[in-house]
Amino acid sequence: MGKEAKTNAMRILDRAKITYTAHEYPHEEGVAVDGVTVAKSIGEDPACVYKTLVTQGASRNYFVFVIPVAAELDLKAAARSVGEKSVAMIHVADINKVTGYIRGGCSPVGMKKQYTTVFDESVLAQEKVYVSGGRIGTQICCAPADLIKVARASTAKIIF
């Protein structure tokens, strides 16, 4: 992969000396692809492909949750995991402003700011995990422990 193809997420993984692989998948320019389709197109079990969701708590702080692509975020459990009364998904229009990424290309690594990040505990059972590489059409794969460390994340049961 050429130097110009690196995303912010990849540069951060490189700086942290974390081994990862980048995987491209077919997509229409600028069009987000749902996670289950992404998993199929890279030939992986959706259980090891994770999506990044950005929420805002009752405190007005932002929180990032990373869950399997086929799962649904349990907003109550998610709020509890970060000590909030409630959390709600942010509007799609706000994703770029808050994270620096676009919908469908939002990685838990390399956002504009370091937000409190929680991976669903199911990640701990995975040998490897895929998350967005920071743009539509790119996934990065690495060991869950490395990803959790570089995202400065914790884990909790946050899906139904």
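First, some housekeeping. This is a predicted model, where local features need pLDDT of at least 70 and side-chain atom pairs count only at pLDDT 80 or more, while totals for chains, interfaces and linings use all residues. Residues are numbered from 1 along each chain as its sequence is written, and side-chain values use heavy atoms, with hydrogens and water left out.

Back to threonine 99, which sits in helix H4, residues 95–99. Helices here are DSSP runs of H or I with at least four residues, strands are runs of E with at least two, and both are numbered from the N terminus. The side chain of threonine 99 also reaches the backbone oxygen of isoleucine 95, at 2.7 Å. For a polar contact we ask for a pair of N or O atoms within 3.5 Å; within protein, one must be able to donate a hydrogen and the other to accept it, and residues adjacent in sequence count only if both atoms are side-chain atoms. Threonine 99 is buried, at 1% relative accessible area; buried means under 20%, exposed over 50%, and partly exposed in between, with a 1.4 Å probe and protein chains only. Setting aside neighbours within four places in sequence, threonine 99 is in contact (heavy atoms within 4.5 Å) with Val54, Cys106, Met111 and Lys112.

Now to the sheets. E2 and E4 run antiparallel and are joined by three bridges, and threonine 55 stands opposite methionine 89 in E4.

The other sheet I want to show is open too, with three strands in the order E1-E7-E6 and antiparallel pairing. Here the edges are E1 (21–24) and E6 (129–132). E1 pairs with E7, residues 138–142, over four bridges, and threonine 21 has cysteine 141 in E7 as its bridge partner. E6 and E7 also pair over four bridges, again in the antiparallel sense, with serine 132 partnered by glutamine 139 in E7. The hairpin of E6 and E7 has five residues between the strands, and there glycine 134 takes a positive phi near 110 degrees.

Let's stay in E6 for a moment, with tyrosine 130. Is tyrosine 130 buried or exposed? Tyrosine 130 is buried, with a relative accessible area of 3%. Not counting residues up to four places away in sequence, tyrosine 130 touches a list of residues that includes His23, Ile42, Tyr50 and Ile140. By contrast, alanine 58 is 72 residues from tyrosine 130 in sequence and 30 Å away in space, C-alpha to C-alpha.

Last stop: the pocket. The largest pocket has a volume of about 560 Å³, where volume is the space filled by probe spheres set on grid points joined across faces, edges and corners. A pocket is an open set of points on a 1 Å grid over the protein atoms alone, where a 1.4 Å probe fits, with protein on both sides within 12 Å along at least five of seven lines; lining residues have an atom within 4 Å of a point. Of the 26 lining residues, the closest to the centre of the largest pocket are Lys51, Thr52, Leu53, Arg103 and Gly104. E2 gives the largest share of that lining, five residues. Thanks, everyone!

Methods: Two strands pair if DSSP finds at least two bridges between them.
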